[in-house]
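Here are my notes for someone opening this structure for the first time. Please read them with the model on screen.

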Amino acid sequence: MTTNACEHSIVRNAEWFMSAEDKDGFIRVPANEYYGIVGDASLIGHAMSIRVYAWKLTGDRRYLDSALRSARWLAKHQDQRGAEQEGQGAEQEGQGAEQEG
């Protein structure tokens, strides 16, 4: 399939997100000026959108399977309001965890 420059960038970004994905679908991207919080649900949602778009562009099922793993991870870690449960994002990377005692 021939893609334009923007579509090529989408596919490259999807590959990058997949390289940062763990086996459960969590996206392990360090916090920086682009991604302020490790494990932020909006980052994972954005990464899902990019991977689904890459699947639509290429037909490569790897992108869809990767996005589905992240969707399952998000669903598992949401509270009843749909928000991320406390302690599921940054704590997964060992950042922001409060020490008890």
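1. Start in a loop. D22 sits in the loop between α1 and α2. D22 counts as buried because its relative accessibility is 13%; buried means under 20% relative accessible area, exposed over 50%, and partly exposed in between, with a 1.4 Å probe and protein chains only. A polar atom of the D22 side chain lies 2.9 Å from the backbone nitrogen of D24. That is a polar contact: a pair of N or O atoms within 3.5 Å, where within protein one must be able to donate a hydrogen and the other to accept it, and residues adjacent in sequence count only if both atoms are side-chain atoms.

2. Some ground rules. This is a predicted model, in which local features need pLDDT of at least 70 and side-chain atom pairs count only at pLDDT 80 or more, while totals for chains, interfaces and linings use all residues. Residues are numbered from 1 along each chain as its sequence is written, and side-chain values use heavy atoms, with hydrogens and water left out.

3. The overall picture. The chain has three helices and zero strands. Its elements run α-α-α from the N terminus on. Helices (H or I, at least four residues) and strands (E, at least two) are DSSP runs, numbered from the N terminus. The chain has 101 residues, and 34% of them count as buried.

4. Contacts and surface. Take the contacts in the chain with a separation of 6 or more: residues 24 or more positions apart account for 54% of them. Contact means heavy atoms within 4.5 Å. The chain exposes about 6500 Å², and carbon and sulfur atoms supply 50% of that area. Areas come from the Shrake-Rupley method with a 1.4 Å probe; for residues, only the protein chains shown count as cover.

5. Helix α3. Does its length agree with expectation or depart from it? It agrees: the 16 residues of α3 (residues 61-76) should span 22 Å at 1.5 Å a residue, and the end C-alpha atoms are 23 Å apart. The expected span is 1.5 Å times one less than the number of residues. The buried residues of α3 are Y63, L64, S66, A67, S70, W73 and L74. Their cover includes α1 (5-19) and α2 (41-58).

6. The cap on α3. D60 lies in the loop between α2 and α3. It caps the N-terminal end of α3, with a side-chain oxygen 3.0 Å from the backbone nitrogen of R62. D60 counts as partly exposed because its relative accessibility is 25%.

7. The structure holds seven salt bridges; each is a side-chain nitrogen of Lys or Arg within 4 Å of a carboxyl oxygen of Asp or Glu. One joins the side chains of E15 and R62 at 2.7 Å, N to O. This pair links distant parts of the chain, with E15 in helix α1 and R62 in helix α3, 47 residues apart. R62 also has a salt bridge with D60, the closest N and O atoms being 3.0 Å apart. E15 is partly exposed at 32%, and R62 is partly exposed at 39%.

8. A buried pair. R51 and E21 form a salt bridge, with the closest N and O atoms 3.8 Å apart. R51 is in helix α2 and E21 in the loop between α1 and α2, 30 residues apart. R51 is buried, with a relative accessible area of 0%. E21 counts as buried at 14% relative accessibility.
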